[in-house]
Amino acid sequence: MPILIRNIVLAPGEGDDVLGTRVAERFGVPERDIQSLHLVRKSIDARRKPRVIIVCTVQCRLLDEAGFLVRHGHDPDVKAVKEEPQPVFPRLAGGGRIVIVGMGPAGLFAALRLAEYGLAPTILERGRPVEERTRDVQAFWSLGQLDTESNVQFGEGGAGTFSDGKLTTRVNDSRIGYVLQKFVDFGASPEILHLAKPHVGTDQLRRVVAGIRQGLLAAGCDIRFRSRVTDIVSREGRVGAVIVNGTDEIAADALVLAPGHSARDTYEMLARRGVHLQAKPFAMGVRVEHPQKLINGIQYGKGHHPALTPADYALAHNDRRTGRSAYSFCMCPGGVVVAGSSEEGGVVTNGMSAHLRNTPFANSALVVTVGPDDFGSTSPLAGVEFQRHWEQRAFEAGGGGYRAPAQNLLSFLGMKGGKGVSSTYRPGVTETDLSRVLPAAVTGTLREALPTFDRRMRGFVTAEATLTGVETRTSAPVRIVRGENCQSVSLQGLYPTGEGAGYAGGIMSAALDGIRVADIIAGKITAETRSAI
């Protein structure tokens, strides 16, 4: 029986090859008695900086496991574990006509899971393949030429393709290992299987997405790019077909709708069709950018080991007076601030980093919660209009050409010593007062939160930091309401899925939601097949 051992400590710079030696030393067993060992989890512990350590969990097979457990089974770091069987997917015949809309993580993992059952859905993506999409995005960043159908928000891979590729989630789900393994199978680094904070990086993620596409094609899926769903045809209260690009009709018995959080025209179409929608809270604010060396020094201490990975952070502040929260979001060590617009005349910021996280800068969103009470309307699409309003204000303040408004952090706080603005954002920034492009409640909450952040990370508030606005696409402003069976409460056969449907927040949780929906569809097909026998 495999034995799980926690709290095996490495020094920064030490390789994983010494883990066996560490286990042998700690428990007094000959190293030759360790028949196999693999790393399960690895994290950085900087609580006693500058003495930073690497804490590992390993799983071993030992020559005398029964004797080891007699001697050490009382140790809270030692646990015998059962080997988990690999999931088995029954091959399903038929299954009707399944259409998946969107090739972000929810849509892709729904398709991968259905393919495991032998089902081959039709997959529709309004944008372009990731190779073409990357060229379109680079042209936007370099020249300010926005393609409204192929950008940071729309296209193969979804919005996460141009991000840090974080695979962390607060969701406790047994299928997390399945998702991580799929990423590795299609080209991600195997280290994501054991890192406490796994990330792929935008450069690797693009290759992974292209690999998933090839896998789905090999499984018989029909993938259609530049195919925007413009309407849904219902028959007797059920999905019957989708209309693509205003003209083409594709029959559908089950429609997995995973449009992403920026598909505003899709929300509008659903509202016209009477699909039940709800306005949903989200968060908005700015991107803050610091020198990465500064963040490393704060988090690891002076004189930290050079082998340590670029440091990250997570900060939060609750305003008891107003009930609002301010927090860091999508922190990108060694990354850049990027333009994420998808509509003409609006500025949207986001953060991105490559696998190596090797730029000299760290960035993170600093955002504040907003909700229906702020939107000024009871419409389920009020949050969309709220986002659009502030994105257009940011475009105007930037001076056009998708330049973003930016302000030195000290200047934003009304403090002396600001050194102007310096940002990695392209096509460029224009120095301005960010209170012009943010709701007063957001500005006020950020100004209250920043001193708190500085108390937790001394040096966070500095003349070296720049704020760039606006960050509005943190999550969907709409929820497409579904029941326990994951179908729309107002249209049977419609399966709202992932972040754009209001049921996930990030790559991992969106992928898990796609799997959940696929399993429900497969279970329904199985039940219908049995009842027909």
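The following legends describe close-up views of a predicted model of a protein chain.

**Figure 1. Overall fold of the protein chain.** The chain contains 13 helices and 23 strands. Its radius of gyration is 25 Å, close to the 24 Å given by the globule rule for 533 residues, so the chain is as compact as a globular protein of that length. The C-alpha trace extends over about 80 × 70 × 45 Å along the principal axes. Of the 533 residues, 56% count as buried. Among contacts with a separation of 6 or more, 72% are made by residues 24 or more positions apart.

**Figure 2. The second largest pocket.** Strands E1 (3–10), E2 (34–45) and E3 (53–62), together with helices H3 (105–116) and H5 (176–185), each contribute at least two residues to the lining. Helix H5 provides the largest share, 7 residues. By class, the lining comprises 18 nonpolar, 11 polar and 12 charged residues.

**Figure 3. The largest cavity.** A search of the whole structure for cavities of 30 Å³ or more returns 1. The volume of the largest cavity is about 70 Å³. Its lining is formed by Pro105, Leu108, Phe109, Gly157, Gly160, Thr161, Phe183, Leu205, Val209, Ile212 and Ile507. Helices H3 and H6 each supply at least two of the lining residues. The lining divides into 8 nonpolar and 3 polar residues, with no charged residue.

**Figure 4. Packing of helix H4 against helix H6.** The axes of H4 (residues 130–143) and H6 (residues 202–218) come within 10 Å and cross at roughly 145 degrees. On the H4 side, the contact involves Val130, Glu131 and Thr134, which meet Arg206, Val209, Ala210 and Arg213 of H6. The contact of H4 with H6 is made up of 3 nonpolar, 1 polar and 3 charged residues.

**Figure 5. Helix H7 and its surroundings.** Within H7 (residues 264–272), Arg264, Thr266, Tyr267, Met269 and Leu270 are buried. The elements that cover these buried residues include strands E8 (229–235), E11 (254–257), E12 (277–279) and E22 (478–480), as well as helix H10 (382–398). Gly274 follows H7 and has a positive phi, near 80 degrees.

**Figure 6. Two cis peptide bonds.** The peptide bond from Lys49 to Pro50 is cis, with an omega near 10 degrees. Pro50 is situated in the loop between E2 and E3, and both of these strands supply residues to the lining of the second largest pocket. A cis peptide bond also links Gly469 to Val470, where omega is about 0 degrees. Val470 is located in strand E21 (residues 466–471).

**Figure 7. Positive phi values in residues other than glycine.** Cys330 has a phi near 55 degrees, a positive value in a residue that is not glycine. This cysteine, Cys330, lies in strand E15 (residues 325–332). Arg357, likewise not a glycine, has a positive phi of about 50 degrees. Arg357 occupies the loop between strand E17 (349–352) and strand E18 (361–370). With a relative accessible area of 15%, Arg357 counts as buried, because the cut-off for buried residues is under 20%.

Note on methods
Residues numbered from 1 in each chain as written. Predicted model: local features only at pLDDT ≥ 70, side-chain atom pairs only at ≥ 80, totals over all residues. Heavy atoms only, no water. Axes fitted to C-alpha atoms, helices over the stretch in contact; angles between N-to-C directions. Helix = DSSP H or I, 4+ residues; strand = E, 2+ residues; numbered from the N terminus. Contact = heavy atoms within 4.5 Å. Nonpolar A, V, L, I, M, F, W, Y, C, P; charged D, E, K, R; others polar. Rg over C-alpha atoms; globule rule 2.2 N^0.38 Å. Buried < 20%, exposed > 50% of the residue type's maximum accessible area, 1.4 Å probe, protein only. 1 Å grid on protein atoms, 1.4 Å probe; cavity = no way out; pocket = protein on both sides within 12 Å on 5 of 7 lines; lining within 4 Å. Points joined across faces, edges and corners; volume = space filled by probe spheres on them.
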